[in-house]
Amino acid sequence: MVAIKRVVDYAVKIRIKSDKSGVETTNVKMSMNPFCEIGLEEALRMKEGGFASEVIAVSMGGGQCVETLRTSLAMGADRAIHVDAPSALYPLTVAKALKALVHLENPGLLILGKQAIDDDCNQTGQMVAGLLNWPQGTFASKVVLDKEKKTATVDREVDGGLETLCLDLPAVITTDLRLNQPRYATLPNIMKAKSKPIKKMSLEELKVEVRSDLEVVQVTAPPVRKAGVILSSVDELVDKLKNEAHVI
Amino acid sequence: MQNRMAAAAKKLLHQRRSILNFSQINRSSSTSGFTHHCGHVPLKQFLASYRWDLWRSCLIHMQNMSAVHHRKFGSVASTIVQRNPMFSTINDDDLIYFEKILGMKRVIQDHEELKTANTDWMHKYKGSSKLMLQPENTAELSQILEYCNSRRLAVVPQGGNTGLVGGSVPVYDEIIINTRRMNSIISFDKVSGVLVCEAGCILENLISFLDKEGFIMPLDLGAKGSCQIGGNISTNAGGLRLVRYGSLHGTVLGLEVVLANGSVIEMLGTLRKDNTGYDLKHLFIGSEGSLGIVTKVSILTPPKLSSVNIAFLACQDYISCQKLLFQAKRKLGEILSAFEFLDAQAMNLVLHHLDSVRNPLPSSIYNFYILIETTGSNESNDKEKLEAFLLHAMESGLVSDGALAQDFSQASSFWHIREGIPEALMKAGAVYKYDLSLPVEKMYDLVEDMRIRLGGAANVVGYGHLGDGNLHLNVSAPQYDDAILAQIEPFVYEWTSRHRGSISAEHGLGLMKAEKIYYSKSSETVQLMASIKKLLDPNGIMNPYKVIPSSLVS
């Protein structure tokens, strides 16, 4: 099962709403979170390699999520589940919903992107693993499955370099950038996608509350960088360091 | 001094001998008094003219030794152009005057900078100018030109120097007038979308500026990071979006130009409609700097529409490509914004030579690839429309396979393939470039004929703006070879002429095709062009030796 999130396209310049309540999303191009795309690609490769029998794409949010799910079907997922919910969902709620879905569908592997590029939380994968009591391999840059032993060997990208873990399946994996390069949605697959099912569910069916412990107070843009100044001599530099920046 | 003279004399002698060996020689009317002769020349006459030229070369400033410019990779015939002896050479008084007007910083004589400015993007043409001037505003430019005109100093207007026909670099020692410092945006009207800016603004900067305002430039080309809008206008650049927004003749509303004698012609209207008198700006759009220098531009910019979709498709044969174009114009109609094609050879070159490119359709090799872009205001509508069109095309067998970009980065990777072809060609070795307008049904026939003609000697690559009937025919060879060139020219021009095509769809004539204009224009037309040139530039100092045959201008 692969969790997909619909976010503002990563190439779009972000603008803050005038009331500072959030980011401008009307009339802005939205697409699949790049890390989710990588996760989906990995799942598809697993299916092509004979390790998986089915790839299910899941997304939560308003009606437009269906578009993103269609894209995942066009890339090659077998079926999709749309959990209809008000747009502002926080990681814990998503994790609880995913836990419910896992109990329903019983996947051997749950794959998520390491974080969404709109909130940069990097929490959902870890929370879901905790709720399910499953092993987790986050920031995966390489995944090798072993069918007989039912394990996944995951290379993780950490600050110090690479760490290799061996997880017993079922497990949760979150993907990092270098895991793979996602495929394009080709026309024959787009055609096939039209007949693939997208099941709609609600949070009530999954017995998940929409209560949130978090509240967004304000969203502001980072301060504008001041332009650099070109100096004409070393003396001027020393003078500025001494008298303006007060560092010497 | 004696040694240098001797060296100059030796060089002259060698050049004279090598010219006389050519069997086919241009009857260009040479004002130096020395006309080229066919075949054997009596020794006495040869020596006499040689001595006369030797005497003359002492008078000419030592650096301008070569009296004959032999184009490095040119065809054997008809491109031998002599330096017009009516032009003066730069002296110290000139330098003092320029420094007085521009200050020392913007009068450039530095060897390295001049080397770059003297060479075109393809490293095919190299001039020997000793001076580059960088005016900051129209007044300075006007003073410079007035002076140059009075002194009979030839000039070359230069913008981003990204032209592909040698039109932006000197042939001999013409003074380079570079507009890069005239790069301010003067005004922008958010309601009408009219942008007024100076000619030295780089296209990509204008695109970024407009992006913030919610507009786009009506033209887009691979060279956008370096080319300047003044140059785009002087060459009537086409580009990738012409099929949607039309040519610069339609989108430019006004110009300010400076003529050879320094007079500033202000036609910088911002009105959409203005039928008061002859619309002279059209003369300057596409005249490649030979009638005047563009200093300011007012251009109508279309609003930026949010929904851009792009598909990369594969077709098995050229007929399918044509039928696809026909269908696309009907089914996608108002949202179609680009329709490009490339053949298998072009695709292979790009995949082989460029690093960050991958094939969107790796499952098999196809003969033709088409890139379709749509731009509209409604995201879901447009995507549905495009998908429906593509699925229908696939079902009817026009398209064998295709991929639809799902986000901006996929879209730019598709464009990277198409825009990267010129770069890949440069990396592959020597390239002979031709830019032709032909009837759509005949376009690929030329590529196939050329392939048969050249056999295994070179790789013939075809790609271009199928939507506009514009073929970019490129012949890639490991090295420049006159034998290959002889097979290509004049065959390609004659072929084009036979089908009433244009030998230069969008690149212009420049130096490369200056003498070839008759393949696409009648002699009466060209005579009229020469009269206009004489009227606006009587001393012929503006970008000489280019665009129209030199014999008509001197």
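This is a predicted model: local features need pLDDT of at least 70, side-chain atom pairs count only at pLDDT 80 or more; totals for chains, interfaces and linings use all residues.
Of the 120 residues that make up the largest nonpolar core, Leu324(B), Ile370(B), Tyr434(B) and Leu473(B) touch the most other members. Once residues up to four places away in sequence are set aside, Ile370(B) touches Ala311(B), Phe312(B), Leu313(B), Cys315(B), Cys321(B), Leu324(B), Phe339(B), Glu340(B), Phe341(B) and Leu466(B). In soluble globular proteins, nonpolar side chains tend to be buried together.

Chain B contains 19 helices and 18 strands, and 55% of its 554 residues count as buried. Among the contacts in chain B that link residues at least 6 apart in sequence, 74% join residues at least 24 apart. The accessible surface of chain B amounts to about 23600 Å², with 53% of that area belonging to carbon and sulfur atoms.

Ser476(B) is found in strand β18, which covers residues 470-477 of chain B, and is buried with a relative accessible area of 7%; apart from residues up to four places away in sequence, Ser476(B) touches Leu425(B), Ala428(B), Ala430(B), Ala458(B) and Asn459(B). Pro544(B), found in the segment after α19 (523-536) of chain B, is likewise buried, with a relative accessible area of 7%. Leaving aside neighbours within four places in sequence, Pro544(B) is in contact with Phe87(B), Ala154(B), Val155(B), Val171(B) and Glu174(B), while its C-alpha atom is separated by 9.7 Å from that of Gly510(B), a residue 34 places away along the chain.

The buried residues of α1(A) are Phe35(A), Cys36(A), Glu37(A), Ile38(A), Gly39(A), Leu40(A), Glu41(A), Glu42(A), Ala43(A), Leu44(A) and Met46(A). The helix is followed by Gly50(A), which has a positive phi near 85 degrees. Helix α2 of chain A (residues 65-75) is mostly covered, with eight of its 11 residues buried; among them are Cys65(A), Thr68(A), Leu69(A) and Met75(A). After α2(A) comes Gly76(A), whose phi is also positive, near 140 degrees.

A search of the whole structure finds zero disulfides over all chains. For Cys65(A), the closest cysteine sulfur is that of Cys36(A), and the distance of 11 Å between the two sulfur atoms is too far for a bond. Cys65(A) is buried, with a relative accessible area of 6%, and Cys148(B) is buried with a relative accessible area of 0%.

The contact between the chains takes 21 residues from chain A and 27 residues from chain B. Together, chain A and chain B bury about 2100 Å² between them, 60% of it on carbon and sulfur atoms. On the chain A side, Lys29(A), Tyr184(A) and Leu187(A) lose the most area to chain B, together accounting for 38% of what that side buries.

Several backbone features were examined separately. Most residues other than glycine have a negative phi, and most peptide bonds are trans. The peptide bond from Leu169(A) to Pro170(A) is cis, with omega near 0 degrees, and Pro170(A) is placed in the loop between β9 (161-168) and β10 (171-175) of chain A. In chain B, a cis peptide bond joins Glu489(B) and Pro490(B), with omega about 0 degrees; Pro490(B) lies in the loop between α17 (482-488) and α18 (491-498). His246(A), although not a glycine, has a positive phi of about 55 degrees; this residue is found in the segment after α6 (234-243) of chain A and is exposed, with a relative accessible area of 61%. Asn236(B), also not a glycine, has a positive phi of about 50 degrees, and lies in the loop between α7 (229-234) and α8 (242-245) of chain B, where it is partly exposed with a relative accessible area of 22%.

Conventions. Residues are numbered from 1 along each chain as its sequence is written. Chains are lettered from A and ligands numbered from 1 in the order in which they are written. Side-chain values use heavy atoms; hydrogens and water are left out. A nonpolar core is a set of buried Ala, Val, Leu, Ile, Met, Phe, Trp, Tyr and Cys residues joined through side-chain atoms within 4.5 Å. Buried means under 20% relative accessible area, exposed over 50%, partly exposed in between (1.4 Å probe, protein chains only). Contact means heavy atoms within 4.5 Å. A disulfide is a pair of cysteine sulfur atoms within 2.5 Å. Helices (H or I, at least four residues) and strands (E, at least two) are DSSP runs, numbered from the N terminus. Accessible areas come from the Shrake-Rupley method with a 1.4 Å probe; for residues, only the protein chains shown count as cover. Buried area is the accessible area (1.4 Å probe) that two parts lose on being put together, summed over both.
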